[in-house]
Amino acid sequence: MGVVAYHPPRTVCVSNASFKFFSSATNLILFISFPRWQCFLFGRPLSVASHHFDTRMPSHIDPEIDPNGRLFLPNLHIFRLAFILGNIVDDAVSIRPVAYEKIQARDQELLDWMDDLPSELNLDEYRLARSLASPLPSATRLAVQSIILRTSYYHIRFTLHRPYAAAAHDAQRSSKRKSTNQPMSEHMAQSLDTAVHAADQLINLVGQARPDLLVNASLAVPGHVHWGPFHCFSAAMFFAFQLIANPDQPGANLFRQNIRKVVEVLSNSRGVAIADKALNMLTVLSPLFDALKTGEPLEVREAKKKEVLS
C-alpha cells in the first residue's frame, strides 16, 4: 500500500484522490509517534518507529473543499511535529551516545516548527479564551488545536533537554574541581534554562485555558482534555525532581509556584483518571519539594527524603 518503507522512492504527486489514504496512513504514524514517546517516558518504548513508514504530505487539495488552502494546516503541522518527535525518540532509545550537537539540532527543528505555526493557531491569551467560548465550531476547533499543538511542543522541548537539565546541579557542585568539563557544564546550564522556560510556558498555557475548556460543555469531557493533566503532571515532576535534587538552587520559588499551579489544574480535573493519580503522587512527594525550614540540616533533609521515598 505504500505505507511500509520497503519499495524504492517515488516521485508521484499526491493528489486529492489519495488524500483520504494519506490521512489514514499519517494518522497511523501520528498515533505511533506520540504513544511511542509517552511509552518512552514511562520506560517502555515501542519498537515500531516513524522511519518504518514513508507516507507523504498531500501536494494538492480540492479547492471546493478548501478554497483558501488553510483548512488542513493544523493537521499537517501536527504531522510534522510527529515526524520530529519520531527522530527525537530514535535518539533517546539509541544505544550509541548522542552528541549534544544533535540535541541542539533537534531543538532547532522544534524552534523552526514553532516559527512556522499557522497564524490562526498562534493565539494570544484573549483570543484563545474568546475562541474557546465561541459558539462557532470552526473557532473552537482552532482554539483546541492551538492548545494541543503548543502544549505538545513545550512538552517535547523540555523532555529533549531534561537529561542535561537534571544534571545541571551536579555540574554546579563540581564547578570548583579542576576535572570539571567546562563545555559540558555550559551545555547543562543551557539545557536547564531551555527546559525550565518550556515547562513554565506549558503550565501557564494549560492553566490559562483550562477554565475556559471546562465551562464549554462540548469540550469538558475526558476525551478532549485528558492531555492537559498529562502534560502538566510531567512538567510538575520535572520541577519537583529539580527541587528534590537541589532545593536551594536559583529559581526554586518559581519551581514551587509552578507546581502549585499544576496542583490547581489537577484539582479542577478530578474524575479524570490520570489527573487523580497525578494529584496523589504530587501530594505524597510534596514534603520533598515544599519550602524548607530555615536552617534545616542536610541530615534532616536526607532522612525526610528516605522516609517519603520508602
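Analyst: Let's begin with rings: those of Phe, Tyr and Trp (its six-membered ring) pair if their centres lie within 6.5 Å, with planes under 30 degrees apart called stacked, over 60 edge-to-face and the rest tilted. By that rule, Phe158, Phe238, Phe239 and Phe255 make up one aromatic cluster.

A quick word on ground rules. This is a predicted model, where local features need pLDDT of at least 70 and side-chain atom pairs count only at pLDDT 80 or more, while totals for chains, interfaces and linings use all residues. Residues are numbered from 1 along each chain as its sequence is written, and side-chain values use heavy atoms, with hydrogens and water left out.

Now the setting. The protein chain holds 12 helices and zero strands (DSSP runs numbered from the N terminus: H or I of at least four residues for helices, E of at least two for strands). Of its 310 residues, 45% are buried, meaning under 20% relative accessible area, with over 50% being exposed and anything in between partly exposed (1.4 Å probe, protein chains only).

On to the core itself. A nonpolar core is a set of buried Ala, Val, Leu, Ile, Met, Phe, Trp, Tyr and Cys residues joined through side-chain atoms within 4.5 Å. The largest one here has 67 residues, and those with the most contacts inside it are Leu110, Trp113, Leu128, Phe158, Phe238, Phe239 and Leu282. Helices that each supply at least two residues of this core include helix 2 (73-92), helix 3 (100-115), helix 5 (137-166) and helix 10 (252-267).

Let's zoom in on a few spots. Leu128 touches Leu123, Ala143, Ile147, Arg150, Leu205, Gln208 and Ala209, if you skip residues up to four places away in sequence (a contact is heavy atoms within 4.5 Å). Arg150 turns up again with Met114, which also contacts Tyr153 and Tyr154 once neighbours within four places are set aside. Met114 sits in helix 3 and counts as buried, at 18% relative accessibility.

Over in helix 10 you'll find Leu266, which is buried with a relative accessible area of 0%. Beyond neighbours within four places, Leu266 contacts Pro229, Ala275, Ala278, Leu279 and Leu282.

Helix 2 is worth a look too: 14 of its 20 residues are buried, so it is largely enclosed by the rest of the structure.

Back to the rings. The whole structure has six aromatic pairs. In one of them, Tyr100 and Tyr164 have ring centres 4.8 Å apart and planes at 75°, so that pair is edge-to-face. Tyr100 is in helix 3 and Tyr164 in helix 5, so the pair ties together parts 64 residues apart in sequence. Both of these tyrosines are buried.

How far can you trust the picture? The chain averages a pLDDT of 77, and 69% of residues score at least 70 (pLDDT is the predictor's confidence in each residue, from 0 to 100). Where pLDDT is low, the predicted coordinates should not be read in detail.
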